[in-house]
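Hi,

Here is the structure I promised to pass on to you. Have a look at it first, and then read my notes below.

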Amino acid sequence: MDRRQQIAALVREEMAGLPVEQADADRGHPLVLAPYGADEVIGALEALLSTRVTMGEKVRAFEAEWARYCGAAHGVMVNSGSSAVLLMLAALVETGRLRPGDEVLCPAVTWSTSLFPIAQAGLVPVMVDVNERTLCIDPDSAAAARTERTRAVLGVHLLGQPADLDAFADLLVLEDACGAHGAVYKGRRVGGIGAASAFSFFFSHHISTIEGGMVVTGDEELANALRSLRAHGWVRERSDRAAWTAACPQIDPRFLFVSPGYNLRPTEIAGAFGLVQARRLPAWLERRRANHADWCRQLGDLVTVFPEAAGTEHAGFAFPMLVEGDRASAMAALEARGIETRPISGSNLARQPAFERVPGARTPVPLPVADRVHEHGLFVGNHHAFGPGHGARLRETLAAWRGL
Ligand SMILES: Cc1ncc(COP(=O)(O)O)c(C=O)c1O
């Protein structure tokens, strides 16, 4: 055994049993369980020991693999899901696919950094209600909010439920798939539905690169803008760099800047994690989906649940519910039994203090479902290591809370 093999053997010994594949319901119901094992750490160590740690081969390989999985031609990895949403919108403006001041429809119930980047890219966020059965954007509410300046929709696949985006065929359809890895809508995997899509690989997501994210798209010109804007605005990773270089002979191509960019790059450590985690995803996804279906059956008479919609495959990110009566007491009852809870993402984002400071953001239509989510919604964790026992424990706890 050479030294590298010895190191790998030690890591395997040290990390035996990880990632967690099966968790006992009696030991609680956390939001996150250790999501990686020896293979990810060995991949990351290879990068560290080689000293090639800044964005390189491993990131490129993961980008290609994830884009292929989503059915998109290009993947551009970044350092978070929030960065992916920001980069996607900035690149759409950079390429003229959207213009400053264009209105973008955004569901009121989503994560904060689905909304904020719309305004950060110079676009106007228009908040619309979510559907009471899916918690994703409601096409009727969206239709009522449209004006002649509406150009795009940000379809958020909330907590693993793929959004119905069929009604938006005349708009630029963008996906926020940060919490819906592998979900399927009418035979199409999320990420491959819209003109561009954003993913998060944060620690608690279906697969993780610790922090990380990616934009996938089939549009090569957009992919080039994404690559420049991700890394200082320079030309290096663009497929059309030869043309740029020829057009600017007076500038050293190593430091040729072609767009007003950011630095949102990931590291090779993240790339190494992504490559291993992507291989684990299909089996993990099956268990999350089965949990979602099973827990909907087990809890449906106690709380409002959100079963997989017909023609879709739910990715079971977290398990949302609406409770009657006092939400705080339901959360307290769950937490007392080691079942971690959170509100449903930002709930009605228009009611968050930051909303009034989002330039131009508008709420032209009523948001009754978002309001209900705001007051009565909560989620608990779903995880590939959980099973029917976790559903039974949720049932027992919620039945006792309701005095049944
Ligand atoms: C719908 C949605 N968008 C964006 C994000 C932001 O991703 P990140 O935490 O990687 O920045 C999240 C995070 O959970 C999310 O759920």
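In what order do the seven strands of the open sheet run? The order is β1-β9-β8-β5-β4-β2-β3, and the pairing is mixed. Strands (E, at least two residues) and helices (H or I, at least four) are DSSP runs, numbered from the N terminus, and two strands pair if DSSP finds at least two bridges between them. At the edges sit β1 (74-78) and β3 (124-128), each pairing on one side only. From one strand to the next, the twist averages 20 degrees.

Before going on, please note that this is a predicted model: local features need pLDDT of at least 70, side-chain atom pairs count only at pLDDT 80 or more, and totals for chains, interfaces and linings use all residues. Residues are numbered from 1 along each chain as its sequence is written.

Back to β1: five bridges join β1 to β9 (residues 213-217) in the antiparallel sense, and V76 stands opposite V215 in β9.

Two helices lie across the sheet strands. α5 lies across β2 (103-107), β3, β4 (150-156) and β5, at about 170 degrees to β2. These angles run from 0 to 180 degrees between N-to-C directions, with axes as lines fitted to C-alpha atoms, for helices over the stretch in contact (C-beta atoms, placed from the backbone, within 7 Å).

Finally, the ligand: 15 residues are around it, and G81, S82, W111, C178 and S200 come nearest (a residue is near if its C-beta atom, placed from the backbone, lies within 6 Å). α4 (81-94) and α5 (112-120) each give two or more residues to this shell, and α4 gives the most, with three.

Best wishes
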